[in-house]
Protein chains: 2
Amino acid sequence: MEKYDVIVVGGSAAGLTAAQTARRHYPDKQVLVIRKEEKVLIPCGIPYIFGSLESPLDDLIPDGVYEKMKIDLRIERVIDVDRKEKIIKTDKGSFGYDKLIIGTGSYPAMPPTPGHDKDGVYAIIKEIPYLTEMQKRLKSAKNVVVIGGGFIGIEISDEIKKSGVENVSVVEIEEHCLSQSYDDDFCVEMEEQLRSRGIVIYTGSKIVSIDGGEQVESVTLADGKKIVADIVILGIGAVANADLAKKIGLRIGLTGGIVVDRAMRTSDANIFACGDCAEKVSFFGGNSSALRLASIATLEARVAGANVFGIKRETPGTIGVWGTAVGNLALGTAGLTEKMAKAHGYKVISAVNESINRHPGKLSGAANVKIKLVFGANSGILLGGQVRGDASVGEIMNAISACVQNRMTAEQIAMFQSGTHPMITASPIAYGIVNAAEAAISKMVEAKDRS
Amino acid sequence: MEKYDVIVVGGSAAGLTAAQTARRHYPDKQVLVIRKEEKVLIPCGIPYIFGSLESPLDDLIPDGVYEKMKIDLRIERVIDVDRKEKIIKTDKGSFGYDKLIIGTGSYPAMPPTPGHDKDGVYAIIKEIPYLTEMQKRLKSAKNVVVIGGGFIGIEISDEIKKSGVENVSVVEIEEHCLSQSYDDDFCVEMEEQLRSRGIVIYTGSKIVSIDGGEQVESVTLADGKKIVADIVILGIGAVANADLAKKIGLRIGLTGGIVVDRAMRTSDANIFACGDCAEKVSFFGGNSSALRLASIATLEARVAGANVFGIKRETPGTIGVWGTAVGNLALGTAGLTEKMAKAHGYKVISAVNESINRHPGKLSGAANVKIKLVFGANSGILLGGQVRGDASVGEIMNAISACVQNRMTAEQIAMFQSGTHPMITASPIAYGIVNAAEAAISKMVEAKDRS
């Protein structure tokens, strides 16, 4: 039986990153990844299979890194783990391990709605044959209903519309699409963008049944309205795939994920877990967090991979940083929105800045970028930021994430040393992150003058 | 005689930002800006006047903010200051002040080269009539030589070439263009980009004379080579305009700027200075810095403006963050290059990461982005970062700047919580800042194993 120093179960964002990190930190150790998929999909790229890309095969995580980094790879199904003997059993054989990292990911959440098992109802299952069949069915579809107006829901609806489907509707149970991650004004801008691209949106709307015979024919909303549907797509979130962990008796947490400490150790000191399959705590207050994102998975994997032979890193908890884009409109968020911060019990001061991301604004490629920063009113510390604009949103949200992660105050952000250039950023006078912080400080000054 | 609580001399990046900051922090105070220009040019936009824009009038800092923020504006020339009586004298009258902020900017540096005063030799003087005339002359020029391959030199040469001038040459005294701000491999990529766009580059070349009669006809290099020139443009840097400060007896520093403390106070406690006219210290070690950038000016202005009625802020010194772009190639830098860090006396560990800024890479708009991070080998602290790529470089350099400013270690950056999205960033597995930090940590691990 082959024996490895480190075995990683799962080859997506968490598993691959954990293996790479272990390799980097322990160059002399033998590292093996066992995954069940012949080829692995880029999870966040799945919506784009249905419009911008040709097929699921255009959306793969490249495997070249395995050879390059001397990480062994087996395509096998893990059946069981003998924790006492430290042996992994797969459908094809057994491997001894010293340290084990579990990165088994998530399943799409399924609603309790009657009819969700009808033919023509799809969830976003990260498997190539499933998505290939779904893509084929969509080519002849006329009426598609997407349940859930989160980022997967809106991205997939736009891609399907772009690909030529006549009627695409999104049904969202909350007051606004994306309301878990953005304050209302940002959500409204995205809804307007979707509507302008021909997508019908129902917000504050619950689906009570998915109707039809064997094949789906329509969905019914709580207010009685029926929407015709050849295809229904479920985009209501993800739940941890902790099947293996449960089977082998690891502790499971409140949200159904594998319980881990800040070093990503499970209840077995030789087994680590990371990514969607692991329980998460928030960066803000340390409470349980249900957020599941590939970027969080890679952070946790960098912690787990570095720690297998002695703790080097501890996660400070999940900030929650991610973007979404529809056409030329992108949104980004890092940390808490104003709504979320208040729900967390913070007293907040927030401020918004809008500026053009070229200077002068007549230069080509100029777009208006809106930045909202939310500060704790008592501490002055940045709790989160939201951005609306063009593709530059991606790295602006990362600059904001760096500020959140360092728990910078408004005063410290006002002293941010930005770099600027006419062709690629806003002017230094108008630089958004700094000016939003200064606007928040103005409010703090006013509040102090008043008291 | 009118009396103001705060008078700012100068209306460019430093002056305008200082006035805005004073207004925000002291809403009840009267703030006046006195500037000599009817309209103020965006300094970094000047190269684009000669190609991408139509005229200098397309490159103006908008004046709307004065009314919006209730800042008074006078277009007058400041002649003198009576520091004892606290009175400013202009060519049109006098104003009393309580606090004074000087933001008089810089002059272009002039080389000692014989012939630099010939007709047809231009410096980048930030005045509309001057630049308008220069633009007119360039329209009929066939041979332009740009002296200095810094960012202004390369940007202006590309714009002039784009506008249709047949022969454009850049002469740079150092081994590479941009070598003050980038390590050689980055400089070489920009040189290749310039050459591919038809610009002739002479590096390691000193100009010994600018030749001709009254009108410039050619330049002569140290190796004897002559380059024909109808127009010569000097882009060799900027020197502080401290004329007023000298006249009124403020202390002047090593690089010719007004001496200020970390609160931006001059040797007169009621007078502050900021921007190109002020002396600067480096964020790294606190030594004198000759770097003059609009982004530094605005940082200093946010310090000066906030401090006029009591110290609230102190600058940690100049990081030096800026970008440049030629066609679809952009470079960004924050902090020290490897070369500079070594010259500063640091033992360094650096690492490079290249990745595609979309995922999958087949999505439209994908570009390869290279990131180099330079860490102090003893401390593990980030000293600087360089980026090469498309327009996304602008905000990536700002994310790196946030890491520098917070003196983050490689380990902390490896724990960076990036936000990602297929259409606007690299994948979370490949995210550049994080992976460059991890690559540096690998080197640190290896170095430790060896010792």
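A:Met264 sits in the loop between helix 6 (243-247) and strand 17 (271-273) of chain A; helices (H or I, at least four residues) and strands (E, at least two) are DSSP runs, numbered from the N terminus. Its phi is positive, about 75 degrees, although A:Met264 is not a glycine. With 31 C-beta neighbours inside 10 Å, A:Met264 counts as buried. Here, buried takes 20 or more other C-beta atoms within 10 Å of a residue's own, exposed takes 12 or fewer, and partly exposed falls in between, with C-beta atoms placed from the backbone.

A word on the model itself. This is a predicted model, in which local features need pLDDT of at least 70 and side-chain atom pairs count only at pLDDT 80 or more, while totals for chains, interfaces and linings use all residues. Residues are numbered from 1 along each chain as its sequence is written, and chains are lettered from A and ligands numbered from 1 in the order in which they are written.

Now for chain A as a whole. Chain A contains 11 helices and 24 strands. Its radius of gyration is 23 Å, close to the 22 Å that the globule rule gives for 451 residues, so chain A is as compact as a globular protein of that length. That radius is taken over C-alpha atoms, and the rule is 2.2 Å times the number of residues to the power 0.38. The C-alpha trace of chain A spans about 70 × 55 × 40 Å along its principal axes. Of the 451 residues in chain A, 56% are buried. Among contacts in chain A with a separation of 6 or more, 66% come from residues 24 or more positions apart; a contact means that the C-beta atoms of two residues, placed from the backbone, lie within 7 Å.

Chain A is split into domain 1 (2-107 + 239-307), domain 2 (110-236) and domain 3 (328-450), with bounds that come from an automatic or database domain assignment. The centres of domain 2 and domain 3 of chain A, taken over C-alpha atoms, are 32 Å apart. Their contact draws 7 residues from domain 2 of chain A and 9 residues from domain 3 of chain A. On the domain 2 side, these residues are 3 nonpolar, 2 polar and 2 charged. In this sorting, Ala, Val, Leu, Ile, Met, Phe, Trp, Tyr, Cys and Pro count as nonpolar, Asp, Glu, Lys and Arg as charged, and the others, Gly among them, as polar.

What about the core? In soluble globular proteins, nonpolar side chains tend to be buried together. The largest nonpolar core holds 303 residues, and A:Ile7, A:Val232, A:Cys274, B:Ile7 and B:Cys274 touch the most other members. Such a core is a set of buried Ala, Val, Leu, Ile, Met, Phe, Trp, Tyr and Cys residues joined through C-beta atoms within 7 Å. Leaving aside neighbours within four places in sequence, the contacts of A:Cys274 include A:Met264, along with A:Ala14, A:Ala18, A:Ile101 and A:Gly103.

Then there is the pairing of the chains. A rotation of 180 degrees with 0.0 Å of shift along its axis superposes chain B on chain A (RMSD 0.0 Å), which is the relation of a two-fold axis. Of the residues of chain B, B:Ala399 comes closest to the rotation axis, at 1.9 Å (C-alpha). The same surface serves both copies, as 100% of the contact residues of chain B recur in chain A. The contact takes 71 residues from chain B and 72 residues from chain A. Elements giving two or more residues to the chain B side include helix 1 (13-25), helix 7 (294-307), helix 9 (393-405) and helix 11 (432-450) of chain B. Helix 9 of chain B gives the most, with 11 residues. The chain B side divides into 35 nonpolar, 26 polar and 10 charged residues.

The peptide bond from A:His359 to A:Pro360 is cis, with omega near 0 degrees, and A:Pro360 lies in the loop between strand 22 (348-356) and strand 23 (368-376) of chain A. In chain B, the bond from B:His359 to B:Pro360 is cis, with omega near 0 degrees. B:Leu178 is not a glycine, yet has a positive phi of about 65 degrees. B:Leu178 is found in the loop between strand 10 (167-171) and helix 5 (184-196) of chain B, and is buried, with 25 other C-beta atoms within 10 Å.

Key:
Least-squares fit on C-alpha atoms with pLDDT ≥ 70 in both.
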